[in-house]
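Here are a few exercises to work through with the model open beside you. Try each task before reading its solution.

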Amino acid sequence: MYAFDIERPSTIADAVTALQGEDAQALGGGQTLIPTLKQRLAAPSKLVSLSGIGEMQGVCVGDDGAVCIGGATTHATVSREAAAHYPGLAALASHIGDPAVRNRGTIGGSLANNDPAACYPAAALASGATIVTNNREIAADDYFQGMFSTALDEGEVITEVRFPVPQAANYQKFLQPASRFALVGVFVAKYADGVRVAVTGASENGVFRWAEAEAALSADFSASTLDGLNMDADGMIADLHGSSAYRAHLVKVNTKRAVDAAS
Amino acid sequence: MPKDSGIGASPKRREDVRFLTGAGKYTDDINIYGQTYVHFLRADVAHATINSIDTSAAAAMPGVVQIFTGADFEAVGGIPCGWQVTDRFGEPMQEPRHPVIAHGTIRHVGEIVAAVVGETLAQARDAAEAIVLDLTEKPAVVDMKAAAADGSTKVHDDLTSNICYDWGFVEENRDAVDQAIKDAAHVTTLELVNNRLVANPMEPRVAVGEYSRSDDMHTLHTTSQNPHVIRLLMGAFVLGIPEHKLRVVAPDVGGGFGTKIFHYAEEAFCTFAAKAVNRPVKWTSTRSEAFMSDAHGRDHVTKIELAMDADNNFTAVRTETYANMGAYLSTFASSVPTWLHGTLMAGNYKTPLIYVNVKAMFTNTVPVDAYRGAGRPEATFQLERVIDKAARERGVDPIALRRQNFVTEFPYATPVAVEYDTGDYEATMAKLEEIADIGGFAARRAESEKNGKLRGLGVNCYIEACGIAPSNLVGQLGARAGLYDAATVRVNATGSISVMVGAHSHGQGHETSFPQVISEMIGIPEDQIDIVHGDTSKIPFGMGTYGSRSLAVCGSAMVRAAEKVINKAKKIAAHLLEASDADIELKDGQFSVAGTDKSVAWGDVTLAAYVPHNYPLEDIEPGLEETAFYDPANFTYPAGAYACEVEVDPDTGKVTIERFSAADDFGNVINPMIVSGQVHGGIAQGVGQALLENCAYDEDGQLISASYMDYAMPRADDLPFYSVDHSCQTPCTHNPLGVKGCGEAGAIGSPPSVVNAVIDALQSGGKNVTHIDMPMSPSRVWEAMNNA
């Protein structure tokens, strides 16, 4: 690591102020950032830790019924506290990484980083979640802008994420054998006004919605509805762990399995 | 009733108390007053000419003690190779200089280009970033077959080609084998890859060099499986330090798996630099450095042909293998694809004619050397895969085909130069059929199919040559060292015993199992016996631990030394009991006169040896300490039969191992629990190779599986509960314990059965897949199903 200063504010306002310094960087649970620093692949002058901000912690249910999760809430907390309200989301959180990762990593950190193989982006996009920051609310459909790219401005902090609770949902993750990130992960969420399907791990553009599957499932929420559909391999990631054709194939397999598990 | 101590008992491993409670003392725990830290600047390109290295800005940075480059090591030797292979034309292998620090040319990603010694590691690392390299990149040599072609870029300009050697074994059989294959009723051919692996011991390598001006003494603390071998190689060949001025200490070592056998540049550097800067110099590998500097394993590309007569008797085997050496020859690299591989190509079968051709290739990759099994897994894999393919082609049961061709009479001289002293392959196969419940497979397959899964059963046999090795034999084959071992049994005045052994324990449990042997011989409690290892200043000598040799070779030396001690103690007892030496018996820690009730306790005899007031001083010396060296008469030949059952998800290609069974013949067993543990670990690594582990380079020589994000290690949930058995015991005929060695068997014996099982599963599902290269990742299995 290179040398850096660290601040640990206790309010969102103080964090936002601290992040205005040049080369300042927000630190969530550090599950991506700390290894990056250890590899000397980033050199922020100052880290602003968000873990001491009480108002960004925990899970609650809003007046509209949405599950609201503080931006600095760990995966382990989500898996426990969201279980009664949004079991599909809690199940996803309980399978991110290993216990050490789940006890440190945060939902805000995951969404701000937008790793193309991360789990939370699929849940947020499939749920039509709202990403709440220190100065605005961003719809998930507008938030994800490609691999490691989001609508967040410099110094903007995710303070809360609001998930409308679906009638049924399920996340199917096919593991990349080494990292155990999602080689392909599919989150299916069924709402009164339609079904949303979000795919992570597969695309060179990061998390995306599978429109054809959504249309088919909105008309008939059954796995067999998807039989005639095929995901195009163009634009899918190809690497040591699978070709683009394999990933495209897994999108369909996982979507069907998610529908079976959700219904 | 099972014994609770001595040979055959399973006391819990005493060393685990310190390992599991954080009290182990590893090399990185060693910190010496005045210590400096070295950071190695490593190549990030695979092949380049070094035009210049400008260290001036770096040298001026805070905390920099001294910066070293290849020029500083011109006057010292290169890292040596311990085995000279002679090619099939009678010429010695090509042996390039292996510099401690790259000088003039970079030959693999991760090679050391410069070393910064600093007051702190962070300062050394900061300064390394200020070193300016002027490089001219050259095309990287990665693919072995392309490397062998005329006109290929050469890894070493001063060699005639990239071929280290073209080895034929047994060369005299070449024509006869060709003819037998031509004449065969059926020939099964298989081309396969034995995938390159990274050993990944839990503890990365560490070296701490120390120099004492007062007595001109060098000390190297290092993560080694064999400290005397490091002293020999580094002292005699690299740095020119005589043995009495060089101490090598390998304290607790957190796993080796072969990759900590070898002498590495970092060890020589820290020893050299400690004198140059006159302060201790410490290096602790990061995991990233381990991926690109620990010697890798396997990496063979093979074509094997199995010839049979009309009755399916094996008549000949012919193989052609390209074996990757990497950029330089690591310590035992040249011996792995030859003498540890070609000699095992008979397997458990009485094939009369065998010819093995191996082309060892230099490439711009990390050096490749022994990894758990070393050559024997490569031999077993190709043979057991081609037999399985042959059984399918001939429409016969794969177990029956193996049985039909088993060696059944011992000793058996193979056509590939070794003689199996003993074995019973029918017994281990019968045991396997029992513990694997092979009779119940059909029902389990039906159940899997109900759940939409394809189920497969794969079986294989294996034999290995371990207990390495008879020195006179390996000397004829090119080894540059003897491979005996040594032990000193030091009896203290009050009867407790310290045994100084040349074997090194880094997970094998010697500290528990070796005292069981002494306890059995003398009849005193195991807690009165300690094992001392890992320090050239404390142990007599020793070639270390690898090749499943610790008990068979060093344990034999220990038995010989203990026998000498007992013989002397009997003389003392005879004196105390006023009897004849010949009438003295030792049992349960008591010396007695045969046929009488006269006896004297072990502790009274040992006390007399050190307080010789009433002692036969005119006949024997005081004290009770003996040393023995043991050089084995032959290798030992553990063998067995393994079975794997898998389920394949036809939708995704994902393979899960449902059952794994291993029936091994290790000869006599000292501690069955430790033996089971060794087999468990070996199977985990074999399954890792078969399903998960893949050390991959791109065409530019960049290591693309350079971290755990891309290099898949086996985890607990990848593995089933194993069924292992070692009750089939044909004791080794030529060592005093009748033991054979168990450390590598699991890794040798398991990969073929996994692949055989997957092929069986896919064929049961109507997929005409005859082979999938390891690792059989979900994507590879899916591609194979799709292309079938």
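**Exercise 1.** Work out the strand order of the open three-stranded sheet in chain B and how its strands pair.

Solution. The order is 4-2-6, with antiparallel pairing. At the edges lie strand 4 (105-106) and strand 6 (132-137) of chain B, each pairing on one side only. Strands here are DSSP runs of E of at least two residues, helices are runs of H or I of at least four, and both are numbered from the N terminus. Two strands pair if DSSP finds at least two bridges between them. Next, count bridges: strand 2 (residues 48-54) of chain B is joined to strand 6 of chain B by six, in the antiparallel sense. One pair to look up is Ala48(B), whose bridge partner in strand 6 of chain B is Glu137(B).

Before going on, a note on the model: it is predicted, with local features needing pLDDT of at least 70 and side-chain atom pairs pLDDT 80 or more, while totals for chains, interfaces and linings use all residues. Residues are numbered from 1 along each chain as its sequence is written, chains are lettered from A and ligands numbered from 1 in the order written, and side-chain values use heavy atoms, leaving out hydrogens and water.

**Exercise 2.** Is Thr512(B) buried or exposed, and which side chain does it meet in a polar contact of 2.6 Å?

Solution. First locate Thr512(B): it is in helix 14 (residues 510-522) of chain B. Its relative accessibility is 3%, so Thr512(B) counts as buried. The polar partner is the side chain of Glu15(B). A polar contact is a pair of N or O atoms within 3.5 Å; within protein, one must be able to donate a hydrogen and the other to accept it, and residues adjacent in sequence count only if both atoms are side-chain atoms.

How values were computed
Buried means under 20% relative accessible area, exposed over 50%, partly exposed in between (1.4 Å probe, protein chains only).
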